[in-house]
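Keep the sequence and the structure in view while reading.

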Amino acid sequence: MPETIAEQLARFTTGADYDTLPPEAVQESKRLLLDAMGCALGAVEEPKGRIGIEYGRLTGGTAGDATIIGTDDRVSIFGASFANGELINALDFDAVLPPGHVSPYVLPTTMAMGESRASSGREVLAAVALSHEMSYRFYKAMDYLRDVQNDSMDLSPVIGYSVTVFGGAAAAGKLAGQSTETLANTLGIAAAIAPVNSMRPWIEHAPSATIKYLLAGTLTQASLTAVHMAGLGHRGDLRILDDAEVGFRRFIGTRRWEPDNITDGLGTDWRFLAEQSYKPYPHCRILHAPLHALTEIVETNDLKPEEIDAIRCWGEAAVMHPLWQSRIVERPHDAQFDIAHGLAVGAHHVVPGKAWHAPELVFSESVLGLMDKVSFAPHPDYFAELSAHPSARPTKIEVDARGATFTAERRFPKGSPSPDPATRMTDDELVAKFRVNAQGVLSESRMDEVVESVFALDSVDDFGAVMRLLSPDVAH
């Protein structure tokens, strides 16, 4: 009998060892870990981050062996995974990979299990790579957030990031030492208990729910539940991914189902590397090309916010929905997605980081006043450019100030792999971002230790020693 998709994925998981990874996947896994750690550190005082920490404590107890980032707490892997998922995603500063966000859903289980099991750095790097590869492949089999149909957006009625449950479960199951047979059951169970894809109403309703497109903590705990249920002897449905009529494809709500994209070249072609992106701004990714262009204008010309009479933006055609267009900013969370507000903040010469979400900036008269001077429209070349390259986000910004009009354009956003090498965030740029996020939580010397440890993870015997470096060492 042919192997089911779950069985093929389980075999891929057990075979994805450090020695089988291409060097690019090893390096990208280190970059992903450092970026996520920094995003979590930056969010320890944010409302969403604080709630995640409190719930992690509530569900994780006080005598565990997994670290809640940015705290002195050691809790269960369930509590740490919940808290760290919420922390990583709180600022909307975390890395982006189709289906949209992956790291806050799969890295917390990897971190917690790796720390709890005293896994080696090499074992953790393999788990990071496979978790992102698996999540990316599932997305390529399902409905896209940006589906171009006849020069228009065909937004599916059901979209979301629930498929990351497979990457999170696979990574945790591998670090737990599960056999191929047990891992297949883990993945079958993960499919059955995956959170629903509830992103579409979040896009259409403003102000938006602060749990965002999917509560990261819930997804991480679903992944760990699948691992433990299989480990304790539960049997998963091994055909749940193959049966398109009543299986995962049907109940998760996707119209497209191309399972060959999940299994083709599995274990030999590491495809997530081609689209792994990082965020230079703590704002929804849709605004990163406009923010980069705007930053060029205001910094090159030293424009002050009060000098600006108008900001006109032409950008993504996929964002003509209330989430991005409502201009309702009641909490700092809302500012992460509002286009007009984001551009207004971007004109204020504030270093991108948690400072962008400080209430004194978000609700300042300067930002709110400039927000009223912002206009947005779809870029006329959007569909053609997106069809030509998945990272393309054609953008044009015009700023009226001092009796003149200043213009800047971008084809690809900073942080994405593209034909333009300058768009890729270098290791040095990611380290600088980490340092901004870690300020006020870690000392400079501790930051140095974390950076050095992550980039030398190949030689680390106990990953837990790295996680424990993320406890605060500066006075608040």
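N185 is buried, with a relative accessible area of 13%; buried means under 20% relative accessible area, exposed over 50%, and partly exposed in between, using a 1.4 Å probe and protein chains only. N185 is found in helix 8, residues 180-193. Helices here are DSSP runs (H or I, at least four residues), strands are E runs of at least two, and both are numbered from the N terminus. Leaving aside residues up to four places away in sequence, N185 touches A230, H234, R235, G236 and L238. Contact means heavy atoms within 4.5 Å.

This is a predicted model: local features need pLDDT of at least 70, side-chain atom pairs count only at pLDDT 80 or more, and totals for chains, interfaces and linings use all residues. Residues are numbered from 1 along each chain as its sequence is written, and side-chain values use heavy atoms, with hydrogens and water left out.

**Helix 10**

A230 is among the buried residues of helix 10, as are L219, L224 and V227. Helix 8 is part of what covers these buried residues, along with helix 3 (47-60), helix 4 (77-90), helix 5 (103-116) and helix 7 (164-175). Does the length of helix 10 agree or disagree with its residue count? It agrees: 17 residues (216-232) should span 24 Å at 1.5 Å a residue, and the end C-alpha atoms are 25 Å apart. The expected span is 1.5 Å times one less than the number of residues. Just after helix 10, G233 takes a positive phi of about 120 degrees.

**R31**

R31 sits in helix 2, residues 23-42. R31 counts as buried because its relative accessibility is 2%. Its contacts, not counting residues up to four places away in sequence, are Y278, R424, M425, T426, D427, L430 and F455. R31 and M425 are 394 residues apart along the chain, yet their C-alpha atoms are separated by 10.0 Å.

**Cysteines**

A disulfide is a pair of cysteine sulfur atoms within 2.5 Å. By this rule the count is zero. Two cysteines show the distances.

| Cysteine | Closest cysteine sulfur | Sulfur distance |
|---|---|---|
| C39 | C284 | 14 Å |
| C284 | C313 | 13 Å |

C39 is buried at 0% relative accessibility. C284 is also buried, at 12%.

**Annotated domain**

An unreviewed UniProt entry carries the annotation "domain: MmgE/PrpD C-terminal" for residues 281-455. UniProt positions are given in the numbering used here, feature names are shortened, and annotations may be inferred rather than shown by experiment. Over residues 281-455 the chain is 38% helix and 15% strand, and the end C-alpha atoms are 23 Å apart.
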